[in-house]
Amino acid sequence: MELRRSTRLSAKHGNEVKDEGPIKKKAKSVLKEKVNTKEPVKKPNTKEEKVSSDEAILEVGDDIPDITLQNQDGKDVSLKALAKENKVIIIFLYPKASTPGCTRQACGFRDNFDDLKEHGLVLGLSHDTPAAQLKFKEKYSLPYDLLCDPTREFIGMLGAKKTPASGSIRSHFVFADGKLKFKRLKISPEISVADGKKEVLELAKQYSN
């Protein structure tokens with residue numbers, strides 16, 4: 001009897017560990033399989049994102065796009081129609097109405113408007129709303145229309161988006177006979193006015209010869 005009791009004790013305190021060995025190995029194996037079969041973290045498809053963010057950018061020699069924007073009064077303005085009516089068009093782009101740099105740029109074109117209007121159409125452009133543009137125009141007595149591009153569709157075509165999500169780059173663009181002749185990006189308000197006027201007068205001189 002003691003021998004049998006001793007055998008049971010031995011099984012309880014000694015052999016029990018050996019019996020659990022295969023169970024623990026099996027548990028570890030199952031755990032390992034779960035870890036190995038875990039779905040990998042998906043990386044963003046940068047190629048697709050790049051393609052979707054690409055836009056056709058206007059370069060010198062390209063036609064003015066067939067796009068309609070609103071002016072400060074909420075009136076539709078067709079760029080194609082303007083190009084047919086005006087031999088030369090200068091469009092200056094400012095990031096935000098009524099801010100210091102944009103005010104200097106807009107007032108610079110205002111102060112040179114009499115010289116420019118003899119040779120071409122002057123237009124301001126930003127992604128502001130018509131209400132903001134109207135306030136800007138009236139506050140500083142701007143004698144030309146201000147175009148609104150809140151979705152930055154035209155601004156994107158000009159290659160003047162600051163980032164894909166927001167913002168615009170100060171610049172100006174001169175069109176002649178419906179084609180882009182001068183494209184100036186990332187310039188100061190003063191240079192935009194001075195060079196813009198110079199480029200318009202240069203085209204006027206070419207047409208007069």
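Trainee: Which side chains does the one of Ser-126 join by polar contacts of 2.9 Å and 2.7 Å?
Mentor: Gln-133 at 2.9 Å, and Asp-128 at 2.7 Å. A polar contact is a pair of N or O atoms within 3.5 Å; within protein, one must be able to donate a hydrogen and the other to accept it, and residues adjacent in sequence count only if both atoms are side-chain atoms.

Trainee: How far can I trust these values?
Mentor: This is a predicted model: local features need pLDDT of at least 70, side-chain atom pairs count only at pLDDT 80 or more, and totals for chains, interfaces and linings use all residues. Residues are numbered from 1 along each chain as its sequence is written, and side-chain values use heavy atoms, with hydrogens and water left out.

Trainee: Is Ser-126 buried or exposed?
Mentor: Buried, at 0% relative accessible area. Buried means under 20%, exposed over 50%, partly exposed in between (1.4 Å probe, protein chains only). Ser-126 sits in strand S4; strands (E, at least two residues) and helices (H or I, at least four) are DSSP runs, numbered from the N terminus.

Trainee: What about the nonpolar core, which residues touch the most other members?
Mentor: In the largest one, with 22 residues, they are Leu-125, Phe-154, Leu-158 and Phe-175. Such a core is a set of buried Ala, Val, Leu, Ile, Met, Phe, Trp, Tyr and Cys residues joined through side-chain atoms within 4.5 Å. Strand S4 and helix H7 are among the elements that each supply at least two residues of this core. There's also a second, separate core of 20 residues, including Phe-109 and Val-200.

Trainee: Switching topic: how many salt bridges are there?
Mentor: The structure holds 9. Each is a side-chain nitrogen of Lys or Arg within 4 Å of a carboxyl oxygen of Asp or Glu. One of them pairs Asp-63 with Lys-179, with the closest N and O atoms 2.6 Å apart.

Trainee: Why does that pair tie parts together?
Mentor: Because Asp-63 is in the loop between helix H2 and strand S1 while Lys-179 is in strand S7, the parts they tie together are 116 residues apart in sequence. Asp-63 is partly exposed at 42%, and Lys-179 is partly exposed at 33%.

Trainee: And Arg-184, which residue is its partner at 3.2 Å?
Mentor: Glu-199. Arg-184 is partly exposed at 24%, whereas Glu-199 is buried at 7%. Salt bridges with shared partners join Arg-184, Asp-195 and Glu-199 into one network.
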